[in-house]
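Let's take a walk through this structure together, one contact at a time. Keep the sequence and the 3D view at hand as you read.

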Amino acid sequence: MEPFDNNCTLPVVPGQPVTAVVQRIEIHKLRHADNLILGFSIGGGMDQDPGQNPFSADKTDKGIYVTRVTPKGPAEVAGLKMGDKIMQVNGWDMTMVTHDQARKRLTKKKEDVVRLLVTRKGLEQAVKNAMM
């Protein structure tokens, strides 16, 4: 059974559901000696100052965001973009995690593939336009 749903309701504020249009991205880690490389960096988390997040429109969002994507790296090849908000990693909810918890979920040594659900600015509008 797939742990992903491309059009799901995800909690952003406890007790306040919102509908989010998400995209599924599957990244195959690149093996380099003993390291597995994803090719992107993250920022944000429940323990971080959301005012420092350049991708949070209202400066209150403590989500996990992609802050850098390595050109021609595994993440870019898979379609990940700078500014994407990571909602799930391999079925795990990422909407209420610390920065370190997110990093650990992404860099598990035994996982060669990382399956993400992300949302990005413009994705919801693109879906609405396609339905007209």
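## Bridges, rings and a pocket

Let's begin at Arg115, which is partly exposed, with a relative accessible area of 34%. Please bear in mind throughout that the model is predicted. The partner of Arg115 is Glu26: the two form a salt bridge in which the closest N and O atoms are 3.0 Å apart. Glu26 has a relative accessibility of 37%, so Glu26 counts as partly exposed too, since that class runs between 20% and 50%.

Now step back for the overall layout. The protein chain has three helices and ten strands. Reading from the N terminus, the order of the elements is β-β-β-β-β-β-β-α-β-β-α-β-α. Of the 132 residues in the protein chain, 39% are buried.

With that layout in mind, let's return to the charged contacts. The structure holds six salt bridges. One of them joins the side chains of Asp61 and Lys85, at 3.0 Å from N to O. Asp61 lies in the loop between strand 6 and strand 7, while Lys85 is in strand 8 (residues 85-89), so this pair ties together parts that are 24 residues apart in sequence. Are these two residues buried or exposed? Both Asp61 and Lys85 are buried.

Another salt bridge runs between Asp84 and Arg120, where the closest N and O atoms are 2.6 Å apart. Asp84 and Arg120 are both buried. There is also a network of salt bridges, which links Asp100, Arg103 and Lys104.

Keep Arg103 in view as we turn to the second largest pocket. About 180 Å³ of space lies in this pocket. Its lining consists of 13 residues, and the closest to the pocket centre are Leu38, Phe40, Ser41, Arg103 and Thr107. Which elements supply at least two residues each to the lining of the second largest pocket? Strand 5, strand 6 and helix 2 (99-106) each do. Sorted by class, the lining has six nonpolar, five polar and two charged residues.

Next come the aromatic rings. A search of the whole structure finds one aromatic pair. The rings belong to Phe55 and Tyr65; their centres are 6.0 Å apart and their planes are at 20 degrees, so the pair is stacked. Phe55 sits in the loop between strand 6 (40-44) and strand 7 (64-69), and Tyr65 sits in strand 7, so the pair ties together parts that are ten residues apart in sequence. Tyr65 has a relative accessibility of 6%, and because this is under 20%, Tyr65 counts as buried. Elsewhere, an aromatic ring meets a charge: the charged end of Arg105 sits over the ring of Trp92, 3.6 Å from the ring centre.

Finally, let's look at some loops. In the loop between strand 4 (30-32) and strand 5 (35-37) you will find Ala33. This residue is not a glycine, yet the phi of Ala33 is positive, near 55 degrees. Ala33 counts as exposed, at 66% relative accessibility.

The loop between strand 7 and helix 1 (74-78) holds Lys72. Lys72 also has a positive phi in a residue other than glycine, with a value near 65 degrees. At 74% relative accessibility, Lys72 counts as exposed. Thr70 has its place in the loop between strand 7 and helix 1 as well. Thr70 is partly exposed, with a relative accessible area of 28%. How far apart are Thr70 and Gly39 in sequence and in space? They are 31 residues apart in sequence, and 5.0 Å separates them from C-alpha to C-alpha.

Methods. Residues are numbered from 1 along each chain as its sequence is written. This is a predicted model: local features need pLDDT of at least 70, side-chain atom pairs count only at pLDDT 80 or more; totals for chains, interfaces and linings use all residues. Side-chain values use heavy atoms; hydrogens and water are left out. Rings of Phe, Tyr and Trp (its six-membered ring) pair if their centres lie within 6.5 Å; planes under 30 degrees apart count as stacked, over 60 as edge-to-face and the rest as tilted. Helices (H or I, at least four residues) and strands (E, at least two) are DSSP runs, numbered from the N terminus. Buried means under 20% relative accessible area, exposed over 50%, partly exposed in between (1.4 Å probe, protein chains only). A charge sits over a ring if NZ of Lys or CZ of Arg is within 6 Å of the ring centre and within 35 degrees of the ring normal. On a 1 Å grid over the protein atoms alone, a cavity is a set of points where a 1.4 Å probe fits but cannot get out, and a pocket is an open set with protein on both sides within 12 Å along at least five of seven lines; lining residues have an atom within 4 Å of a point. Grid points are joined across faces, edges and corners, and a volume is the space filled by probe spheres set on the points. Ala, Val, Leu, Ile, Met, Phe, Trp, Tyr, Cys and Pro count as nonpolar, Asp, Glu, Lys and Arg as charged, and the others, Gly among them, as polar. A salt bridge is a side-chain nitrogen of Lys or Arg within 4 Å of a carboxyl oxygen of Asp or Glu.
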